[in-house]
Amino acid sequence: MKIIRFMGGLGNQLFQYAYYRKMQQADQETFADLTAYERQSFHYGLELESVFGVELSTARLQDIRRLGYTFSPGDRLRRKFLPRKKTFYSEKVIGFDQELENLTQKDAYLEGYWHSHRYFYPVQEQLQKELRCRRELSARSAGAVRQIRDSNAAAVHIRRKDFLDPKNSFLVNLSETEYYTQALKKLQEAMGEVVLYVFSDDMEWAREHIFLKNNVYVDWNRGEESWQDMILMSYCRSAVIANSTFSWWGAWLNPLGLKKYVVCPGKWYSVAAVGGRKVRTEDLVLPGWETV
């Protein structure tokens, strides 16, 4: 039995789901621990099931306690001060953790974000079929999808506001670098004249700094409707993504089966390790993607 902890926002949930499906495909009894969403606030909660219509086999509480740790005060103390359970594995790398691939234990509790396509490469075609939007888009977003499909549409994602918070200083704030200038230049050289769909949590800044000849500022999906931005991104023929798993999946998801052109950051983190986990940004870059 393998139990995979789900945590974080929609982008992280998709990475965890992809690894979960890879484990299932390998004929391993695999379950999802969703209890983090009962105790902690992650953006807009567990959106994976409602947006993509996937069904998760949830782990029993007794199995979570047997193999891993719950969020109870007692378990928090045991995890902090006592030797770790041999059945508990927490990722040691932000990227592809080869040690995890060599794990031979039959029963294990796996905690991590699994930020690499290498984890789910064997099931990527299956995932492209499974991960289709099952939730109804707003009338405005549905109209935008029709326009995107009929044009040479490109997406650019700027994640900025939370990167200004000092507690997130371990992440590179791309808006304070030349990344977007250089990435959009690459995109235009490769794709010609595009209709640029701009997605951002700081649209005021984006309107002042991000523009080409033809621009659409997607400023109507806010709060619990933010998931719609990812769906709109997925229909674009090309993309400039942020150091964000949200736009990573916006670029990876491909409902039209397009040959996409994607530009991504060459550096996501300003440090070599986060919380004791070594950073391997190169594992976030797909073959064929350009880096800046």
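User: Why is Glu 290 called partly exposed?

Analyst: Glu 290 has a relative accessible area of 29%, and the label follows because buried means under 20%, exposed means over 50%, and partly exposed covers what lies in between, with a 1.4 Å probe and protein chains only as cover. This is a predicted model, in which local features need pLDDT of at least 70 and side-chain atom pairs count only at pLDDT 80 or more, whereas totals for chains, interfaces and linings use all residues. Residues are numbered from 1 along each chain as its sequence is written, and side-chain values use heavy atoms, with hydrogens and water left out.

User: What makes Glu 290 and Lys 186 a salt bridge?

Analyst: The closest N and O atoms of Glu 290 and Lys 186 are 3.6 Å apart, and a salt bridge is a side-chain nitrogen of Lys or Arg within 4 Å of a carboxyl oxygen of Asp or Glu, so the pair qualifies. Because Glu 290 lies in strand S13 (residues 290-291) and Lys 186 in helix H9 (residues 179-191), the pair ties together parts that are 104 residues apart in sequence. Helices (H or I, at least four residues) and strands (E, at least two) are DSSP runs numbered from the N terminus. Lys 186, at 28% relative accessibility, also counts as partly exposed.

User: Which side chains meet in a salt bridge at 2.7 Å, N to O, and why does the pair tie together parts of the chain?

Analyst: The side chains of Arg 21 and Glu 130 meet at that distance; since Arg 21 belongs to helix H1 and Glu 130 to helix H7, the pair ties together parts that are 109 residues apart in sequence. Both partners fall on the buried side of the cut-off, Arg 21 with a relative accessible area of 16% and Glu 130 with 19%. A search of the whole structure finds 19 salt bridges.

User: What makes helix H12 mostly covered?

Analyst: Eight of the eight residues of H12 (residues 245-252) are buried, among them Phe 246, Trp 248, Trp 249 and Trp 252. These buried residues pack against helix H1 (10-25), helix H7 (124-130), strand S6 (153-158), helix H11 (227-234), strand S9 (238-240) and strand S10 (261-264).

User: Why does Asn 243 count as buried, and what does Asn 243 touch?

Analyst: Asn 243 sits in the loop between S9 and H12, and its 3% relative accessibility is why Asn 243 counts as buried. Not counting residues up to four places away in sequence, Asn 243 touches Phe 163, Leu 171, Val 172, Leu 174, Pro 265 and Trp 268, where contact means heavy atoms within 4.5 Å. A polar atom of the Asn 243 side chain lies 2.8 Å from the backbone oxygen of Val 172, and the backbone oxygen of Trp 268 lies 3.1 Å from a polar atom of that side chain.

User: Why is the protein chain described as being as compact as a globular protein of that length?

Analyst: The protein chain comes to twelve helices and 13 strands. Its radius of gyration is 19 Å, close to the 19 Å that the globule rule gives for 292 residues, so the description applies; the radius is taken over C-alpha atoms, and the rule is 2.2 Å times the number of residues to the power 0.38. Buried residues make up 55% of the 292 residues.

Key: A polar contact is a pair of N or O atoms within 3.5 Å; within protein, one must be able to donate a hydrogen and the other to accept it, and residues adjacent in sequence count only if both atoms are side-chain atoms.
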